[in-house]
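Let's take a walk through a protein structure together. Keep the sequence and the 3D view side by side as you read.

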There are 2 protein chains.
Amino acid sequence: MKINYPKGIPSFRETTSQEKKIRKRVHTAANRGMDFEKAINTTNEYYLEKDLALITKRPTPINVVKVDYEHGCKIVSAYFEKQSTTDYNGVYKGHYLDFEAKTTNSKTSLPINNIPIQQIEHLKSVNKHGGIAFFLVYWRTLHEVYLIKANDMIEYFENHARKSMPYSEMKRIGHQVKESLRPRFDYLALVETFLLEGEQ
Amino acid sequence: MKINYPKGIPSFRETTSQEKKIRKRVHTAANRGMDFEKAINTTNEYYLEKDLALITKRPTPINVVKVDYEHGCKIVSAYFEKQSTTDYNGVYKGHYLDFEAKTTNSKTSLPINNIPIQQIEHLKSVNKHGGIAFFLVYWRTLHEVYLIKANDMIEYFENHARKSMPYSEMKRIGHQVKESLRPRFDYLALVETFLLEGEQ
């Protein structure tokens, strides 16, 4: 439901509890992903410093509606868009790497119904062109990270009506990423062992 | 010079010729790059359709300052940021590809003083990790596109105080990209011939 609030008097109006709830939900969802995003960025900086790999984060796509050219090209109206590809890609020993980072607060299962279909298509395409595609999944409550091959995730996604992957299943088909101080989550070690050995 | 216009009465004020000039300059610079960007995007769509390669454009990074959570997460204050990497990357036959698109209106030389130093570092890093790095340069007035290896451009950049590359030099060290209806600018043909043959 879209509510059109009267314009021009927002400061005279109390924030409703419904609005507070929405605001909290938005913030929580953003923060949940944020911790893990930062940890991955730190890991990638480490890889770059040590000359191991070059992995970059794709900026969040934003649909710019209106720009104020009179005040230093300030964007005054814009909306976040869904990433149609993935969060990260880059190069490791000449190989193209492409992955998506997911975070869940659940202890028992990862919801996968919110994976956009374009993302599935994108990852399939990465594999088709000889790239290395995977997911990094952060089980926030358990504080564990798993690497799972895109193909394995996609196969599960396409064969299960109940769009979530149990923790036990991820432990079975995924690989736990070791955590340390530097690098925070050494996912390249697993890429080296499980994804470069023609296992794809 | 920053002019602080009185707030709240913009509609009662005539747009000054100075403002018109600024607005036109901003638009022109954006459009100049836009044509070529569209042509590359179309080319990349063709490559994807024909199962030849997966090349994606990195979204323009935007620094979001303020979001209005009460109106569908509308961004109400944000600024464009300089791309610290490049415009495009992707995978071709398992190889990592990374390139920047440049447009010039000049008939005689390409200004290279505006290439950010982070972009140079990024492209060097791509090469170091076994990726394929290059520039696509659109000579708008001449309607010609050249592919030039990142290493060649960087070498020129670092050895010439006069930060522009003459057209003659680009013809000498670059490779002209064939234009057709589909694909618009077949740069992969040149990648195949000049960049995959250990010539890097």
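In this predicted model, strands S4(B) and S5(B), the latter covering residues 95–104 of chain B, run alongside each other in the antiparallel sense and are joined over five bridges. To find one of these pairings, look at Asn89(B), whose bridge partner in S5(B) is Asp98(B). The two strands form a hairpin with two residues between them, and in this hairpin Lys93(B) adopts a positive phi near 50°.

Now look to the other partner of S4(B). Strand S1, residues 54–57 of chain B, also pairs with S4(B) in the antiparallel sense, here over four bridges. Within that pairing, Ile55(B) has Gly90(B) as its bridge partner in S4(B).

Is S4(B) mostly covered or mostly exposed? This strand, residues 88–92, is mostly covered, as five of its five residues are buried. You can check this one face at a time: Tyr88(B), Gly90(B) and Tyr92(B) lie on one side, Asn89(B) and Val91(B) lie on the other, and all of them are buried.

Further along chain B, find Ser164(B), which sits in strand S9, residues 164–166. Why does Ser164(B) count as buried? Its relative accessibility is 10%, and the cut-off for buried is under 20%, so Ser164(B) falls on the buried side. Which residues does Ser164(B) touch, once its neighbours within four places in sequence are left aside? They are Ser109(B), Leu110(B), Pro111(B), Ile112(B) and Tyr156(B).

Let's turn to chain A. It has five helices and ten strands, and 45% of its 200 residues count as buried. Now consider the contacts in chain A with a separation of 6 or more: 64% of these come from residues 24 or more positions apart.

Next comes the largest nonpolar core, which has 48 residues. Which of its members touch the most others? They are Met153(A), Met170(A), Met153(B) and Met170(B). Take Met153(A) and leave aside its neighbours within four places in sequence: it is in contact with Leu110(A), Ile112(A), Phe135(A), Val137(A), Ile148(A), Met165(A) and Met170(A).

How do the two chains relate to each other? Two copies of a chain are related by a rotation about an axis and a shift along it. Here, a rotation of 180° with 0.0 Å of shift along its axis places chain B on chain A, with an RMSD of 0.0 Å. The two copies are therefore related as by a two-fold rotation axis. Both copies use the same surface, since 100% of the contact residues of chain B recur in chain A.

The contact between the chains draws 49 residues from chain B and 50 residues from chain A. Together the chains bury about 3900 Å², and 63% of that is on carbon and sulfur atoms. Tyr69(B), Glu70(B) and His129(B) provide 18% of the area that chain B buries against chain A, more than any other three residues.

One last stop: the cysteines. A disulfide is a covalent bond between the sulfur atoms of two cysteines. How many disulfides does the structure hold over all chains? The count is zero. Cys73(A) has a relative accessible area of 23%, so it is partly exposed. Cys73(B) is partly exposed too, with a relative accessible area of 23%.

Notes: Residues numbered from 1 in each chain as written. Chains lettered and ligands numbered in written order. Predicted model: local features only at pLDDT ≥ 70, side-chain atom pairs only at ≥ 80, totals over all residues. Heavy atoms only, no water. Buried < 20%, exposed > 50% of the residue type's maximum accessible area, 1.4 Å probe, protein only. Contact = heavy atoms within 4.5 Å. Least-squares fit on C-alpha atoms with pLDDT ≥ 70 in both. Pairing = 2+ DSSP bridges. Disulfide = S-S within 2.5 Å. Core = buried A, V, L, I, M, F, W, Y, C linked by side-chain atoms within 4.5 Å. Buried area = accessible area lost by both parts, 1.4 Å probe.
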